[in-house]
Amino acid sequence: GLEQQAYLKASDAESSDAFGREIDLSRNTLAVGVPGKGFRVTGTDILSGQPATGVITHGAVLVFSRSSGIWRQQAYLTDGKDVEDYYCAARDEYIFHRGYFCGRENFDLRDEYPSSPPVHGDGFGRSVATLGDTLVVGAPGRRRANANSDGKVYVYTRKNGLWNQTALLSGLTHDYDGSDQFGYALALSGDTLAVGAPSQYGVVHVFTRKDGIWKRTGLLRASNAGRGDGFGSALAISGDTIVVGAPGEDSLRSDGYDNHAQNSGAVYIFTRSNEDWKQTAFLKHPNSNTYKYLIEDDKFGSSVALWGNTIAIGAPGDYAHPARRGLLNGIGTVHMFLKSNGSWVHEAQISSPQDTYIASSIGRHIALSENVLVVGSPGYKTNEDGSNEDRTILGPGGLAQIFTRQNGIWDLTSYLQSSN
């Protein structure tokens, strides 16, 4: 069985940090996103002329390295943002401008907007991707002048144990209305990077690295693009294949049309040939083409994972529609697709065999490695002893379930819970 090897936590942890909101592992390197991390700034109150301080949310990423079985913090990264200009979109006003607090003293935006990750901050660490000595960090809330949530992506490389920023990537300023949340999701494979920008109609930017320089080489859009579909909210990449989740997509039919199944979700597959990316498949919940209440609000495509000829797709809202509420409220499911003769075929639907009545949000996060699937259930409730009695009065503690495939059958083989 599996045993807990380490317990990692920020040395300066605070309740609003959202430590671990996103993580990525590459052999002995672990990147942990902390998108709610706040930092104190000092300046002058513009009205009183007196010194003032405040906390502004930037976000951070902590990098841990394993040596001889021990995990140690190797780096603490922030976006290095110049706080002379800080525009808070949530308040539609400047909070901190050229060293002056605009009529507000001793504020802490984390108290006023406690969402996780915060909508008012840069969201640095909202997404992370690491491979070897390359680390990519998304900051979908990073703003430029007169824009709302354009987003930035920071690329770091490691040399002699030190991480240094080597690139700063941006979206297209003329794309839609500039509110594209560039960097909301990331996927990295070799020298190819996919960056999701799911706001508005959604787009995925593809960058390739050559001689250490990253250049945009592709723009992926949905064949049936609709406003609010969330295209680019989830990404997976392997070689010449990119999988894109759009959990807000509304089509009822498997061809992507008849928008009468709100937030049913969809997944798009793109394939590269001669440096040109084309959509080659469109996947829906297997209950599409039937009644809308069977797929509405499933949010199919909230998470995606790709390994070889296998795709895993999370639908954490499955069974959440009012017509099916009650004992099956928001269990969530994961759907496995297998590529056969050039087509993606539904292989299995995975849920929790032991929790068929708990709102676990199964599939909110997933990870796939060959014949092993790890499924996160952040809404799972449990007692301290691991029992499931009277869970209706408990808050969510979370659960990770491990499924293995043998002879085409996926079986639950283990599950993990927090030690505390």
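Let's start with a sheet: strands E11, E12, E13 and E14, in that order, form an open sheet with antiparallel pairing. A word on the terms: strands (E, at least two residues) and helices (H or I, at least four) are DSSP runs, numbered from the N terminus, and two strands pair if DSSP finds at least two bridges between them. Strand E11 (127–131) and strand E14 (162–170) stand at the edges with a single partner strand each, so one side of each has no neighbour in the sheet. From one strand to the next, the twist averages 20°; the axes behind that angle are lines fitted to C-alpha atoms, for helices over the stretch in contact, and angles run from 0 to 180 degrees between N-to-C directions.

Before I go on, please keep in mind that this is a predicted model, where local features need pLDDT of at least 70 and side-chain atom pairs count only at pLDDT 80 or more, while totals for chains, interfaces and linings use all residues. Residues are numbered from 1 along each chain as its sequence is written, and side-chain values use heavy atoms, with hydrogens and water left out.

Back to our sheet. Strand E13 (residues 152–159) pairs with E14 in the antiparallel sense over eight bridges. If you want a spot to look at, find Arg-158, which stands opposite Trp-163 in E14.

Now let's visit another open sheet of four strands, with the order E1-E2-E5-E6 and antiparallel pairing. Its edge strands are E1 and strand E6 (70–77), and each of them pairs on one side only. Neighbouring strands here are turned by 20° against each other on average, direction ignored. E1 and strand E2 (residues 29–34) are joined in the antiparallel sense by four bridges.

Which residue in E2 stands opposite Ser-26? That is Thr-29. Is Ser-26 buried or exposed? Ser-26 is buried, with a relative accessible area of 11%; buried means under 20%, exposed over 50%, and partly exposed in between, using a 1.4 Å probe and protein chains only. Leaving aside residues up to four places away in sequence, Ser-26 touches Thr-130, Leu-131 and Gly-132, where contact means heavy atoms within 4.5 Å. A polar atom of the Ser-26 side chain lies 3.1 Å from the backbone nitrogen of Gly-132.

Next come two hairpins. Strand E17 (residues 203–210) and strand E18 (residues 213–220) run antiparallel and are joined by seven bridges. Val-206 stands opposite Gly-218 in E18. Two residues sit between the strands of this hairpin, and Asp-211 takes a positive phi near 55°.

The other hairpin is made by E21 and E22, again with two residues between them, and Asn-274 in the turn has a positive phi of about 55°. Seven bridges join these antiparallel strands, and Ile-269 has Ala-281 in E22 as its bridge partner. E21 also runs antiparallel to strand E20 (residues 241–246), with six bridges between them; there, Val-244 stands opposite Tyr-268 in E21. Six of the eight residues of E21 are buried, so E21 is largely enclosed by the rest of the structure.

That brings us to the rings. How many aromatic pairs does the structure hold? It holds six. Rings of Phe, Tyr and Trp (its six-membered ring) pair if their centres lie within 6.5 Å; planes under 30 degrees apart count as stacked, over 60 as edge-to-face, and the rest as tilted.

Phe-231 and Phe-270 form an edge-to-face pair, 6.2 Å centre to centre with 75° between the planes. This pair links distant parts of the chain, 39 residues apart: Phe-231 is in the loop between E18 and strand E19 (234–238), and Phe-270 is in strand E21 (residues 266–273). Phe-231 is buried at 1% relative accessible area, and Phe-270 is buried at 3%.

Phe-300 and Phe-337 make another edge-to-face pair, at 6.4 Å centre to centre and 75° between the planes. Phe-300 lies in the loop between strand E22 (276–283) and strand E23 (303–307), and Phe-337 in strand E25 (residues 333–340), so the pair ties together parts 37 residues apart in sequence. Phe-300 is buried, with a relative accessible area of 0%, and Phe-337 is buried too, with 4%.

To finish, look for the cluster in which ring pairs link Phe-231, Tyr-268, Phe-270 and Phe-282.

Note on methods. A polar contact is a pair of N or O atoms within 3.5 Å; within protein, one must be able to donate a hydrogen and the other to accept it, and residues adjacent in sequence count only if both atoms are side-chain atoms.
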